[in-house]
There are 2 protein chains.
Amino acid sequence: MANPPLILVTNDDGITAPGIRSLIEIMNKIGKVVVVAPEFPQSGMGHAITINSTLQCFKIKIDDGPQIEYRCSGTPTDCIKLAVNELLERKPDICVAGINHGSNSSINVIYSGTMSAAIEAGIEGVPAIGFSLLDHRWRANFDPFKSSIESITKSALKNGIPKNVVLNVNLPKVDNHKDIRGIKICRQAEASWMEEFDKRTNPMGKKYYWLTGKFINKDNGQDTDEWALSKKYISIVPVQYDLTAHTVIKELKTWHFE
Amino acid sequence: MANPPLILVTNDDGITAPGIRSLIEIMNKIGKVVVVAPEFPQSGMGHAITINSTLQCFKIKIDDGPQIEYRCSGTPTDCIKLAVNELLERKPDICVAGINHGSNSSINVIYSGTMSAAIEAGIEGVPAIGFSLLDHRWRANFDPFKSSIESITKSALKNGIPKNVVLNVNLPKVDNHKDIRGIKICRQAEASWMEEFDKRTNPMGKKYYWLTGKFINKDNGQDTDEWALSKKYISIVPVQYDLTAHTVIKELKTWHFE
């Protein structure tokens, strides 16, 4: 690893979001920072990529930090592909995504543009971490987490993130650093969203829907991210992108196809 | 399970794509079919959901089959959420997505709207299968696969798909049914895309990009989907949405956070 390390920063809330501005500030203390982030919010974009339209990407100066920044018209996954394959002179030593305004614990990892950016970096061979705070407000308070985020990133640089894995870090909502009880390595809780569509009629008389829903945690385990966060721990879940359910291959091999 | 079973059909290529029209025809032989599919192509949308704008969904009649059909303005994942939570009178017995015009083997599972629809169905507690043909052309020939798709779907209804798992079925490009060598249960091959951005200048003098790339299979295993497909087998990979890399939790617990 180079000294200082080259750090790629992205998010899904857009390049001007307070969460990414905090993350940039923390990363400037650790290494040389390049930001490639969406120009507009891209929450809930999952692992979407732009294949049927074009991408634009321009250098931008937002504040006085030493980081180099690009705003990109695409999704978080597009940002990583553009950064690693087009914009950066060499492969970054680490990619950090976030700080997301809102939780990406449990099943939310699947819908999250922030975590998909981290996963895309992993696929491209770049160690990666996604950070998310359990507070979706634009004016969420990121200050209590700065030292923990610095410590987790430095640990990842020192130890090396295991192969084919990225880290999903979620931060409990607390007002002060001293209220964080510690860091727990967890598994993803089994949970899902119970959708409730808000059905309305537009001025032309046509029906439309807003997607709303309630988060349902079906998992009582004390080794899950949901449990840790409810107890005010920071949760770290190692996330893989080999989606194979290896344990059921044997069962499926007993199926008889007519 | 009800007799006949209630079958939910979707895709990411759009409701008029020949792939989904073939799938509907096959499913009409097995059960009562309801189609909820995107009105426009949504390839590469991954697990995107529509949270910052509205959704529209209308009944539509496309051909003479007995199926009920809805076209939806959203992503494949939106279609499943709308179908299960708003449009259908009861939970379907199975959800089938596809037939995708193009491969969703290996790492492509992560970018695929078709597979994300199947995964979303799984999360909602509906057994689900995604079907994809290794031919991205609009006029791809789906006929050689009709009996295999019927057989795989019937087997899934009979045996029950294991909990928290959906099936990713990829079909090799062949001209005749007799050229298919059989069905293999596989793991996802380790592979990635090597991106090459096609950089252009627009009429206003601004730079823009098209995402292009080359698929790189790094996996020599003979138990992978890529291997099976290269030998003209149909591949079935069981896919899970618990993304936890359980095997590295122990290693991460040895990390010391300053």
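1. In the interface, 65 residues of chain A are in contact with 65 residues of chain B; contact requires C-beta atoms, placed from the backbone, to lie within 7 Å. The model is a predicted one, in which local features need pLDDT of at least 70 and side-chain atom pairs count only at pLDDT 80 or more, while totals for chains, interfaces and linings use all residues. Residues are numbered from 1 along each chain as its sequence is written, and chains are lettered from A and ligands numbered from 1 in the order in which they are written.

2. On the side of chain A that touches chain B, the elements giving two or more residues include α2 (76-87), α3 (113-123), β9 (191-201) and β10 (207-217) of chain A. Helices (H or I, at least four residues) and strands (E, at least two) are DSSP runs, numbered from the N terminus. By class, this side of chain A has 35 nonpolar, 18 polar and 12 charged residues. Here Ala, Val, Leu, Ile, Met, Phe, Trp, Tyr, Cys and Pro count as nonpolar, Asp, Glu, Lys and Arg as charged, and the others, Gly among them, as polar.

3. Chain A is superposed on chain B by a rotation of 180° with 0.0 Å of shift along its axis (RMSD 0.0 Å), the relation of a two-fold axis. The same surface serves both copies, as 100% of the contact residues of chain A recur in chain B.

4. Chain B holds an open sheet of nine strands with mixed pairing, in the order β3-β4-β2-β1-β5-β6-β7-β11-β8; pairing requires that DSSP find at least two bridges between two strands. β8(B) pairs with β11 (residues 234-240) of chain B in the parallel sense over three bridges, and Ile183(B) has Ile234(B) as its bridge partner.

5. Helix α3 (residues 113-123) of chain B lies across β1, β5, β6, β7 (165-171) and β11 of chain B, at about 170° to β6(B). Angles run from 0 to 180 degrees between N-to-C directions, with axes fitted to C-alpha atoms, for helices over the stretch in contact.

6. The axes of α2(B) and α3(B) come within 8 Å and cross at roughly 30°, which makes α2(B) roughly parallel to α3(B) (angles under 35 degrees). By class, their contact has five nonpolar, four polar and two charged residues.

Notes: Contact = placed C-beta atoms within 7 Å. Least-squares fit on C-alpha atoms with pLDDT ≥ 70 in both. Parallel < 35°, antiparallel > 145°, perpendicular 65-115°, else oblique.
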